[in-house]
Amino acid sequence: MDKEIYNLIRNHGKELMQSEGMQSQKEHMQHGTISVYQHCFAVAYTSLYLAKCLHIAVDQEQMLRGALLHDYFLYDWHVPDESHKWHGYSHAAVALENAARDFELQKIEKDIIEKHMFPLNLTKIPKYRESVLVCIADKICATRETLFCRNNKKQKHREGIRWNVE
Ligand SMILES: [Fe+2]
Ligand SMILES: [Fe+2]
């Protein structure tokens, strides 16, 4: 865990992470044993980490906020419901609508949320380098969570420590 990035998220993402909407995402599972809240934290962390390692200049604050809100769809997609039967294709638009309702968004943040499902949403091509990085980080985290965050005690304990975010 890169302490500098971790602290950046904790300091600049505090307002979002403590909001009622984001807190409610702790109740909704994303992949394996990882909640939507933990997933969004992981994607924010990974995006900033990629930018740092690859020496890509980014607007850290917008990228961080966009990543934290990229899956702000606010429902449990595992519960079958007509309203989200096309979840994979539709949740980015729902997340943007919810986020714009609950927070003041800047242009890069909007682009990140709306286009993070590229290439599944083929017509929504990321416009900014921040959006591209979040899009890639999302795939990395989703793959990792799906493959390795199974419901076994040891793994659960390890992931609980890794993404122990309030
Ligand atoms: Fe998503
Ligand atoms: Fe995601």
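Before you start, residues are numbered from 1 along each chain as its sequence is written, and chains are lettered from A and ligands numbered from 1 in the order in which they are written. Because this is a predicted model, local features need pLDDT of at least 70, side-chain atom pairs count only at pLDDT 80 or more, and totals for chains, interfaces and linings use all residues.

**Exercise 1.** Work out whether the end-to-end span of helix 8 agrees with its number of residues.

*Solution.* Begin with the element: helix 8 covers residues 129–148. Helices (H or I, at least four residues) and strands (E, at least two) are DSSP runs, numbered from the N terminus. Next comes the rule, in which the expected span is 1.5 Å times one less than the number of residues. For the 20 residues of helix 8 this gives 28 Å, and the end C-alpha atoms are 28 Å apart, so the two agree.

**Exercise 2.** Describe how helix 4 and helix 8 cross.

*Solution.* Two packed helices are described by the angle between their axes and the distance between the axes. Axes are lines fitted to C-alpha atoms, for helices over the stretch in contact, and angles run from 0 to 180 degrees between N-to-C directions. Helix 4 (residues 36–53) has an axis that comes within 8 Å of that of helix 8, at a crossing angle of roughly 125°. This makes helix 4 oblique to helix 8 (under 35 degrees is roughly parallel, over 145 roughly antiparallel, 65 to 115 roughly perpendicular, the rest oblique).

Now list the residues in contact (C-beta atoms, placed from the backbone, within 7 Å). Helix 4 contributes H39, A42, V43, T46, S47, L50 and A51, while helix 8 contributes L133, V134, I136, A137, D138, I140, C141 and E145. Sorting them gives 10 nonpolar, 3 polar and 2 charged residues. Here Ala, Val, Leu, Ile, Met, Phe, Trp, Tyr, Cys and Pro count as nonpolar, Asp, Glu, Lys and Arg as charged, and the others, Gly among them, as polar.

**Exercise 3.** Find out how many residues of helix 5 and of helix 7 are buried.

*Solution.* Count other C-beta atoms, placed from the backbone, within 10 Å of a residue's own: 20 or more is buried, 12 or fewer exposed, and in between partly exposed. In helix 5 (60–69), 8 of the 10 residues are buried, so helix 5 is largely enclosed by the rest of the structure. Among them are M63, R65 and G66. In helix 7, 7 of the 9 residues are buried, including E109 and I113. The cover over the buried residues of helix 7 includes helix 5, helix 6 and helix 8.

Methods. Contact = placed C-beta atoms within 7 Å.
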